[in-house]
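Here are some friendly notes to read with the structure open beside you.

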Amino acid sequence: MMPAFIIAGTHSGVGKTTVTLGLMAALRRRGLIVQPFKVGPDFIDPTHHTAICGRHSRNLDTFMMGTDGVRRSFLSAIRGADVAVVEGVMGLHDGIGGTDEASTAHVAKVLGIPAVLVVNVHGMSRSAAALIHGFRSFDPAVNIAGVILNQVGSERHLKALRESINFRIFGALPRRKSISLPSRHLGLAMGFEIDHDVNALADLVEENVLLDELLDACTLPIAVPEPEIGEREESGVRIAIALDEAFCFYYQDNIDRLRYAGAEIIPFSPIRDALPDADGIYIGGGYPELHAASLESGRCIQQIRAAASDGMPIYGECGGLMYLGEHLVLDERSYRMAGVLPASTVMTGRLQALGYVEADVVRYNPVAPEGSVIRGHEFHYSRMECDRDAKLAYRLRRGQGIANGMDGLVENMTLGGYLHAHFASFPVERFMESCKAYRRR
């Protein structure tokens, strides 16, 4: 028996992240081991979870991972935890298009755990009761254990809400502008960039939420499987992963899949470090445009160019794609990048693509087998200008990609695309075999 619940919202912007962080902080202060999760392909919210909980937050996404993948990730991650807290995405029932798929409700049903609905009651009183009634009755398969009211204006306001809402109210949070998180063009600032006032977050919840009642209502039997014997292989393969303020968008499950496949993970900073001794390189997304000058002058940029020329397998996603290209053009200034891929990036100042991606792999590359179907997500404010002879490995079923319904630039043993792929959708063994082959040369 353990408490496990999803913090859901009626829509985006109701305060899910603040409520989630406050709950995590309060539970940690009580001495509990909290395992955090995030519904959807978000890279930023999980860093805030991780900073507060001291355990890696995991993404749970039924489109990218499938229902079995979501269950496996959840059950594996909660080993050793006292409580599981999942932050939802958008509104409770907002999935792909007009469907349930990949919604917070879908994940709640797949895991069989209750939802706690956050309702922003600013500007309404009795109407909140109608809103809550609608969410409770819309899909009876979703277990809504209770609600947390946010942005309560006064005691009088709260009294009117309590008199009209005929449902369990776990808490009522007052308007408090002092607790806020800074943002930038891809969302909130990263968790490691902010000095969280953990006590203030914990106080907010302890003072305004019936935490014991919430935990009791959300405690349920969960069968946590024992770790599989020998689930991690030893291969001797070393994979260098770019990890710093410029490259920080990774699904933790992706890194774990490489590790369980036998890779030794070597983190490094393209801004500050030399390229480590490695057999392959993984460069995720992030904010290379904010650090273009430092990346241009970084001491490993020429080493990565040389490694690519030597045939080392290199995989880049979005920010990694931008770094592996020839130039990054920002505010009419051009910064020299690694020059591995035959394309340059132009920052546009406006959103170019946002949403789920599904792609057929149609060309040989060092990462994903030809004929496989990969799934992931894209989110960027840039466009790629490719050379005429550029080769692209992904034909998109959905998504924008680089150009003409294609993504995944390939040059020698380097692959870079706008797609942030989830490794649950295709076998990572291909990348491992590419790295092994390079190591044996």
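A residue is called buried here when its relative accessible area is under 20%. Please also keep in mind that this is a predicted model.

1. Let's begin with strand S19, residues 343-347. Of its 5 residues, 5 are buried, so S19 is largely enclosed by the rest of the structure. You can follow this face by face: Ala 343, Thr 345 and Met 347 are buried on one side, and Ser 344 and Val 346 are buried on the other.

2. **The sheet around S19.** Which strands sit with S19 in its sheet, and in what order? The order is S18-S17-S19-S22, an open sheet of 4 strands with mixed pairing. Strand S18 (333-336) and S22 are the edge strands; each has a single partner strand, so one side of each has no neighbour in the sheet. From one strand to the next, the twist averages 25°.

3. **How those strands pair.** Strand S17 (residues 327-330) runs parallel to S19, with 2 bridges between them, and Val 329 is placed opposite Val 346 in S19. On S19's pairing with strand S22 (residues 382-386), the two run antiparallel and are joined by 5 bridges; here Ser 344 has Glu 385 of S22 as its bridge partner. S17 and S18 are also antiparallel, joined by 4 bridges, and Leu 328 faces Tyr 335 in S18 as its opposite residue.

4. **The sheet of 10 strands.** There is also an open sheet of 10 strands, again with mixed pairing. Its order is S13-S11-S14-S16-S25-S24-S23-S20-S21-S26. Strand S13 (264-268) and strand S26 (420-421) stand at its edges, and each has a single partner strand, so one side of each is left without a neighbour in the sheet.

5. Is Ala 393 buried or exposed? Its relative accessibility is 0%, so Ala 393 counts as buried. Leaving aside neighbours within four places in sequence, its contacts include Asp 360, Val 361, Val 362 and Arg 363, as well as Asp 407, Gly 408, Val 410 and Leu 415. Ala 393 and Asp 407 are 14 residues apart in sequence, and their C-alpha atoms are 6.4 Å apart in space.

6. **H1 against H2.** Two packed helices are described by the angle between their axes and the distance between the axes. For helix H1 (residues 16-29) and helix H2 (residues 45-53), the axes come within 9 Å and cross at roughly 15°. The two helices are therefore roughly parallel to each other, and the crossing is right-handed. On the H1 side the contact is made by Thr 17, Thr 20, Leu 21, Met 24, Ala 25 and Arg 28, and on the H2 side by Asp 45, His 48, His 49, Ile 52 and Cys 53. These contact residues divide into 5 nonpolar, 4 polar and 2 charged.

7. **H3 against H4.** The axes of H3 and helix H4 (residues 104-111) come within 10 Å and cross at roughly 35°, and H3 passes H4 in a right-handed crossing. In this contact Thr 62, Thr 67, Val 70, Arg 71 and Phe 74 of H3 meet His 106, Val 107, Val 110 and Leu 111 of H4. By type, the residues of the contact comprise 5 nonpolar, 3 polar and 1 charged.

8. **One more covered strand.** How many residues of strand S6 (residues 144-152) are buried? The count is 8 of its 9 residues, and S6 is mostly covered. Strand S5 (residues 115-120) runs parallel to S6, with 6 bridges joining them, and Val 119 stands opposite Leu 149 in S6.

Key:
Residues numbered from 1 in each chain as written. Predicted model: local features only at pLDDT ≥ 70, side-chain atom pairs only at ≥ 80, totals over all residues. Heavy atoms only, no water. Pairing = 2+ DSSP bridges. Axes fitted to C-alpha atoms, helices over the stretch in contact; angles between N-to-C directions. Parallel < 35°, antiparallel > 145°, perpendicular 65-115°, else oblique. Left-handed = near helix turned anticlockwise from the far one by under 90°. Contact = heavy atoms within 4.5 Å. Nonpolar A, V, L, I, M, F, W, Y, C, P; charged D, E, K, R; others polar. Buried < 20%, exposed > 50% of the residue type's maximum accessible area, 1.4 Å probe, protein only.
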